[in-house]
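Student: I would like to go through this structure by question and answer. Please show it first.

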Amino acid sequence: MAKTYREVLSRASSFLESAGLEGYAIHYLFLRRKHWQQLDWLLHMDKEIPPTDEQQIAADLTQLLAHQPPQYLLGYEEFYGHTFKVTKDTLIPRPETEELVEACLHVTSAQGPLRVVDIGTGTGAIAVSLKMARPDWQVAAVDLSPAALAVAKENADALGAEIDVYQGDTLAPVIEQQWDLIVSNPPYISQDEWHLMDVSVRENEPKMALFAEDNGLAMYKKMATQAQQCLAVNGQIAVEIGFQQGQAVQEIFASAFPHKQVTIKKDLAGQDRMVLVTHPQFVDK
């Protein structure tokens with residue numbers, strides 16, 4: 001008897017759920033592979049599934065059961081309205097980081113062309129998204145991983161975003177330059193939080209981009225120290241943080257920049273997600 005799309009995907013979803021995984025992942029992956037919107041799914045779900053599609057679902061199910069993230073299976077992820085290539089050398093861009101991009105655009109909305117550097121760029125999602133939103137900005141991207149930097153450059157070229165890339169540790173490769181905005185989603189997970197992370201993240205995403213010493217604060221301390229040398233007089237800093245790190249990161253940057261305003265900003269879920277170091281004249285009244 002012929003099987004329908006709905007039947008095959010429902011069975012695959014049940015397999016995932018019985019293994020304690022998110023059942024919708026296979027549906028998400030299927031729609032992305034087919035380039036189908038929800039309307040396409042509604043029109044096709046009760047039609048007979050071709051053998052090639054059924055084989056692809058079976059292959060994807062095996063990978064998902066092995067805790068492979070769907071984005072790595074697809075090879076891309078959407079971020080801030082753009083498509084970014086992802087590999088195992090890069091973190092998968094996440095929706096909460098889109099809020100960091102939005103915050104950067106907001107705190108600089110009254111300013112002209114800026115010199116901006118993204119530290120730990122990974123896929124280049126932050127740097128490229130900022131350049132696409134503000135084409136007159138001079139944007140640079142830094143990463144310790146040459147492989148990640150190659151992916152960032154490929155993404156920038158694919159989207160037509162002209163950014164400069166530098167390989168090295170935090171701000172070290174660009175410390176002789178002056179920057180109006182320093183932005184980063186750095187490694188901030190402590191080793192103590194390892195067991196709290198999703199298995200797919202622990203086993204697949206690059207640990208160098210996830211974990212930091214000193215209870216996850218090491219990179220913030222390094223950036224705060226280095227930024228004292230290369231942040232422009234009216235410059236600003238925006239960093240993503242772990243939901244329990246707000247006060248600690250705020251204190252690190254307040255100590256380094258006592259004449260600036262350092263604030264903790266929550267994400268849409270109500271969790272502490274960013275620390276913003278703003279020049280007083282640019283702070284919202």
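Student: In S9, which residue is the bridge partner of alanine 238?
Tutor: This is a predicted model, where local features need pLDDT of at least 70, side-chain atom pairs count only at pLDDT 80 or more, and totals for chains, interfaces and linings use all residues. Residues are numbered from 1 along each chain as its sequence is written, and side-chain values use heavy atoms, leaving out hydrogens and water. Strand S7 (residues 231-240) and S9 run antiparallel and are joined by four bridges; two strands pair if DSSP finds at least two bridges between them. Alanine 238 has as its bridge partner in S9 leucine 276.

Student: In S9, which residue is the bridge partner of isoleucine 264?
Tutor: Strand S8 (residues 261-266) is joined to S9 by six bridges, and the two run antiparallel. Strands (E, at least two residues) and helices (H or I, at least four) are DSSP runs, numbered from the N terminus. For isoleucine 264, the partner in S9 is valine 275.

Student: How many residues of strand S9 are buried?
Tutor: Buried means under 20% relative accessible area, exposed over 50%, partly exposed in between (1.4 Å probe, protein chains only). Strand S9 (residues 272-278) is largely enclosed by the rest of the structure, because the buried residues number seven of the seven.

Student: Is histidine 27 buried or exposed?
Tutor: Histidine 27 lies in helix H2 (residues 24-34). Beyond its neighbours within four places in sequence, histidine 27 is in contact (heavy atoms within 4.5 Å) with Leu9 and Trp41. Because its relative accessibility is 13%, histidine 27 counts as buried.
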